[in-house]
Amino acid sequence: MSEEETVEINEMVIKCPACGVDGIATSIMKEIEIPHFGKVLETTIQCKKCGFKHSDVISLEQNDPAKYTLKISEETLSVRVVRSQSATVSIPEIGVKVEPGPKSEGYVTNVEGILTRFEGAVIKALNLFEDEASQTNAKNTLAEIRELIKGNGTATLIIDDPFGQSNIVSDDVVVSEIPEDELKNLKTGFSHIEDN
């Protein structure tokens, strides 16, 4: 039996949300059972004409808010990570954090994949900010991330999920409650409209 079990696949041809051409983009939805995590809906939209691609992983199960903590080391680089669209991912020792926004996507990767995503974000920042302090800071952060990817050194991977739909699939992960004061300040990526 495979590690993941696909329960149902739904495929259809749709109008591309990027280029607007009707009947060219493929939308694939798969319901997958991930061990130690539960059922997720994996969606992919891909357009053959313009190259548009959008993927997302949405948990189909509701859980309590949770904080997942794992020590990053050479031994944990291949550990599977499920990040829901509402989770905040951080590595405090090197000062990197990604919070969810309105276009936030869930994904399944491993610890090395998380580091590679941070690496890409820091490279973008290097191209955006030209002042000396930003350049120095970004280059130092990039060097630290690349050392972790090589398996040198350790740091802490933290995923804070207000809906408990993320996971780090390892016996070494520490799962804890998110204190109420921290939970109130966590971004979810969802817009809220309040009546005054």
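I started at E42, which stands opposite V57 in β4. This is a predicted model, where local features need pLDDT of at least 70, side-chain atom pairs count only at pLDDT 80 or more, and totals for chains, interfaces and linings use all residues. Residues are numbered from 1 along each chain as its sequence is written, and side-chain values use heavy atoms, with hydrogens and water left out.

For the terms, strands (E, at least two residues) and helices (H or I, at least four) are DSSP runs numbered from the N terminus, and two strands pair if DSSP finds at least two bridges between them. The hairpin has five residues between the strands, and G51 takes a positive phi near 85° there.

**Three-stranded sheet.** I found an open sheet with the order β9-β6-β11 and antiparallel pairing. β9 (107-110) and β11 (167-169) are at the edges with a single partner strand each, so one side of each has no neighbour in the sheet. From one strand to the next, the twist averages 20°. Strand β6 (residues 80-83) is joined to β11 by three bridges, and V81 has I168 as its bridge partner in β11. Helix α1 (residues 111-128) packs on this sheet, touching β6 and β9, and its direction makes about 105° with that of β9. Contact here means heavy atoms within 4.5 Å; axes are lines fitted to C-alpha atoms, for helices over the stretch in contact, with angles from 0 to 180 degrees between N-to-C directions.

**Five-stranded sheet.** I then traced an open sheet ordered β8-β7-β10-β5-β12, with antiparallel pairing. β8 (96-98) and β12 (174-176) are the edge strands, each pairing on one side only. Here the twist averages 15° from one strand to the next. I checked V89 too, and it stands opposite V98 in β8. α1 lies across β5 (66-72), β7, β8 and β10 (155-161), running at about 85° to β7.

**Helix pair.** I looked at α1 with helix α2 (residues 132-149): their axes come within 9 Å and cross at roughly 160°. The two are therefore roughly antiparallel (under 35 degrees counts as roughly parallel, over 145 as roughly antiparallel, 65 to 115 as roughly perpendicular, the rest as oblique). Residues making the contact include L115, F118 and V122 of α1 and A138, L142 and I145 of α2.

**Ring check.** I found the charged end of R117 over the ring of Y107, 3.5 Å from its centre. That label needs NZ of Lys or CZ of Arg within 6 Å of the ring centre and within 35 degrees of the ring normal.
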